[in-house]
There are 2 protein chains.
Amino acid sequence: MIRELTRLLDELSDYSEGTDPGVTRLLYTDAWLDAQRYLAGQMAEAGLETRFDAVGNLYGRLPGTEPGAKVILTGSHIDTVRSGGKYDGAYGVVAGVAALMYLKRMYGAPKRPLEVVSFCEEEGSRFPLAYWGSGNVTGVYDWRHVGDMVDEDGVSLREAMLRSGFGKEELGECRRSDLAAYVELHIEQGMVLEHMQKRIGIVETIVGQRRYAVTLEGTANHAGTTPMTMRQDAAAGAAECIVRLEALASQWGEPLVATVGKIEAQPNTPNVIAGSVDFTLDIRHADEWKLNAFSELALSEIERIALRRRLKHRMTPWLSTKPVPMNQALARGAERICQQLILPYRRMVSGAGHDAQLLAAACPAAMVFVPSRGGISHSPSEYTDPAMLADGVAMLVSMLYELAYEEQLS
Amino acid sequence: MIRELTRLLDELSDYSEGTDPGVTRLLYTDAWLDAQRYLAGQMAEAGLETRFDAVGNLYGRLPGTEPGAKVILTGSHIDTVRSGGKYDGAYGVVAGVAALMYLKRMYGAPKRPLEVVSFCEEEGSRFPLAYWGSGNVTGVYDWRHVGDMVDEDGVSLREAMLRSGFGKEELGECRRSDLAAYVELHIEQGMVLEHMQKRIGIVETIVGQRRYAVTLEGTANHAGTTPMTMRQDAAAGAAECIVRLEALASQWGEPLVATVGKIEAQPNTPNVIAGSVDFTLDIRHADEWKLNAFSELALSEIERIALRRRLKHRMTPWLSTKPVPMNQALARGAERICQQLILPYRRMVSGAGHDAQLLAAACPAAMVFVPSRGGISHSPSEYTDPAMLADGVAMLVSMLYELAYEEQLS
């Protein structure tokens, strides 16, 4: 099964735009369309019934024997960031295909229908939206009301969708109300499992996020002629905020994270005191109350520092998502399977967003992680050891078997 | 005299390149050449003997009666930064012309020759060098060995100089060994005088400078999936350095200043922990030993912070100048004149560089400041109240009278 899995992963990674290093597969591009078609071919060869829905989500189905039973769905997304790796998203899709092939061969038809999905889009790399695939399945988006958003070349989402052959009523409804459970296998995209020497991560919650744009305004002045006591130095003010936010986040402890990743100083000249600094603040936590409380604390600390330093401050929220808990019964099941398979595991939060957080609104959802070497993702050097990829597929096979053949979680 | 001064300042400010706000007069441009010619005309009208030297420094001379007496020189520079103000440099030149006109009218010929100079370049705005005017006078530069430096359009300094009609032996020697004293009047370009409610600043020392380029390298990682304890966050590291440097500089007290004016983070993305940050460090002090000691302390603190945070660090020195003391007898003379004229004054350091620091190698040199409103300079909103401009000219007249008519400092 692992040989099959790595072959699929390798072949799939050949579908990539241009000559950038790594894998670039943006929604509705040729590389993306060829990759979905390749997967459809592989699913068909594996004996699955394949279909595309109206936005280009690809399904492979193993019909169940029990009339009217709801579907057990697994999978992930096919799109990537620019110059991404070959595991993010792709691993969950390919593992789903491999798992269904294996289950069919070993156990024949399941009681409940088993489906693997290759969602068309999750990353938000081409258009200013994310989760276009799972969002259309769960009713967060409706492709018929796509709005007028365009990519950076001015091509609209509607136009791109139509050019790829999607966006047509005859392809059938995207929205699904026939799901019994969703299981997503994914690389961790972090270094916790590697650091803790665990093989499997069982996600309890996908974190909520708050993002802010902060501006501190002081006075741009001569670096030589302005004594330290007469400065309104926006760079020093921003630096104090960053140090303070880091210290607070460390005090609060896991799973809280707070990051200042982007900093722009004006006029950004060695011999001029910074007149203004813009920086971003990204805060994540699995607990909504704590996420809100920390965000308020962070903003009030920035305000306090700005006031003390006689800097003007402006703080603009520009992203806010709530934490999404995964299904507890499914997580307990995953934990039991880890114990049976003697796989060292860790219950954890996902600090990144995933399709599972949208599916969780439609059915019980579970997420399983395998380690990412060095925690690296969204990069050509994304890597997971094949033995660890195999661990994940073993977990997925067991979970799908219990759900579709034994009808647990009924 | 003040009406004459403001007329000259206003008319001179009309000579500016393009349509940028403020004044832009870069070395050897048409605007620059027209401004020097305008000044030469005004000097001639005032009855001064005018001449250009080989690099385009303009002199206006009031001959002395005493055979072989060395020259008392005043003035400043004619060039500006892009979109600069109308006072920086120009005020010292124009005040010199006005002072010589006044002295000639009131007292006739001086014993020692009196000259006003409009140095061709001080700012370093066009070519990657500064003090081209006073540097050629004092032997720091020699226009015959100009090297192959070019401006941002690829025009060489030699070519620009020749196009303006300079760079010719027949214009005569730049280097001067006939100077008895140099007095430079300049706007403060800082807010100390305004803040202290003083009308005159008497410069004791022009500070020395050290500039460094610092790079901290950590690991660019996912802002959501990397716990606070597993980060090598270059932005947080740089922020800690900036806060620490500011605190140390404040502890050391005046006249030390330390500035981080330029910051560049990579990849500079809101949801990615900064993998590296470059920042600049500008340190100035009037005492060379303390300048060196603080610079070493600053670098060792950056190193300590980097090591504790497991960040790689690189610190590259790229500018180093020594403090230049002004002549003490001249400064005492200026102090006495302030007392006579009942002008509130302050002995101070100059945190910015000036032509006087080059002239100090050739003869006793003095610098006198008038306040800059809000400490603003290198900006179209540079401003000094006409009454304060007049205070400066009154100081200059008294100093030049003592030096040239009474032959003090002989």
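1. The side chain of A:R211 makes a polar contact with the side chain of A:D282 at 3.0 Å, where a polar contact is a pair of N or O atoms within 3.5 Å, one of which, within protein, must be able to donate a hydrogen and the other to accept it, while residues adjacent in sequence count only if both atoms are side-chain atoms. The side chain of A:R284 likewise makes a polar contact with the side chain of A:D282, here at 2.9 Å.

2. On provenance, this is a predicted model, in which local features need pLDDT of at least 70 and side-chain atom pairs count only at pLDDT 80 or more, whereas totals for chains, interfaces and linings use all residues. Residues are numbered from 1 along each chain as its sequence is written, chains are lettered from A and ligands numbered from 1 in the order in which they are written, and side-chain values use heavy atoms, with hydrogens and water left out.

3. A:R211 is placed in strand β7 (residues 208-217) of chain A, and A:R284 in strand β10 (residues 276-285) of chain A; helices (H or I, at least four residues) and strands (E, at least two) are DSSP runs, numbered from the N terminus. A:R211 counts as buried because its relative accessible area is 10%, and A:R284 counts as buried at 2%. Buried here means under 20% relative accessible area, with exposed over 50% and partly exposed in between (1.4 Å probe, protein chains only).

4. Which residues does A:R211 contact, leaving aside its neighbours within four places in sequence? They are A:L281, A:D282, A:R284, A:T316, A:P317, A:W318, A:L319 and, from chain B, B:N271, with contact meaning heavy atoms within 4.5 Å.

5. The UniProt annotation "binding site", from an unreviewed entry, covers A:R211, A:N271 and A:R284. These positions are spread over 74 residues of sequence and are also spread in space, with up to 36.7 Å between C-alpha atoms. As a caution, UniProt positions are given in the numbering used here, feature names are shortened, and annotations may be inferred rather than shown by experiment.

6. UniProt also lists A:H77, A:D88 and A:H186 under "binding site", again from an unreviewed entry. Although spread over 110 residues of sequence, these three cluster in space, the largest C-alpha distance being 9.8 Å.

7. A:H77 lies in strand β3 (residues 71-77) of chain A and is buried, with 0% relative accessibility. The side chain of A:H77 makes a polar contact with that of A:D88 at 3.3 Å. Not counting residues up to four places away in sequence, A:H77 touches A:D88 and A:H186, and its other contacts include A:F119, A:E122, A:E123 and A:D355.

8. A:H186 lies in strand β5 (residues 179-187) of chain A and is buried, at a relative accessible area of 1%. Leaving aside neighbours within four places in sequence, the contacts of A:H186 include A:H77, A:D88, A:H354, A:M367 and A:F369.

9. A:R176 is found in the loop between α5 (157-163) and β5 of chain A, and at 8% relative accessible area A:R176 is buried. Its side chain makes a polar contact with the side chain of A:D178 at 2.9 Å. Beyond four places in sequence, A:R176 touches A:R51, A:Y59, A:R61, A:V71, A:E115 and A:V137.

10. The feature "domain: Peptidase M20 dimerisation" is placed by UniProt, in an unreviewed entry, at residues 209-304 of chain A. Over this range the chain is 38% helix and 27% strand, and the end C-alpha atoms are 23 Å apart.

11. In chain A, helix α1 (residues 2-13) and helix α11 (residues 386-405) pack at an angle of about 110 degrees, with their axes 10 Å apart. The two helices are therefore roughly perpendicular, the term for angles of 65 to 115 degrees; axes are lines fitted to C-alpha atoms, for helices over the stretch in contact, and angles run from 0 to 180 degrees between N-to-C directions. A:I2, A:L5, A:T6 and A:L9 in α1(A) meet A:P386, A:L389, A:A390 and A:V393 in α11(A). By class, this contact has seven nonpolar, one polar and no charged residues (Ala, Val, Leu, Ile, Met, Phe, Trp, Tyr, Cys and Pro count as nonpolar, Asp, Glu, Lys and Arg as charged, and the others, Gly among them, as polar).

Notes:
Parallel < 35°, antiparallel > 145°, perpendicular 65-115°, else oblique.
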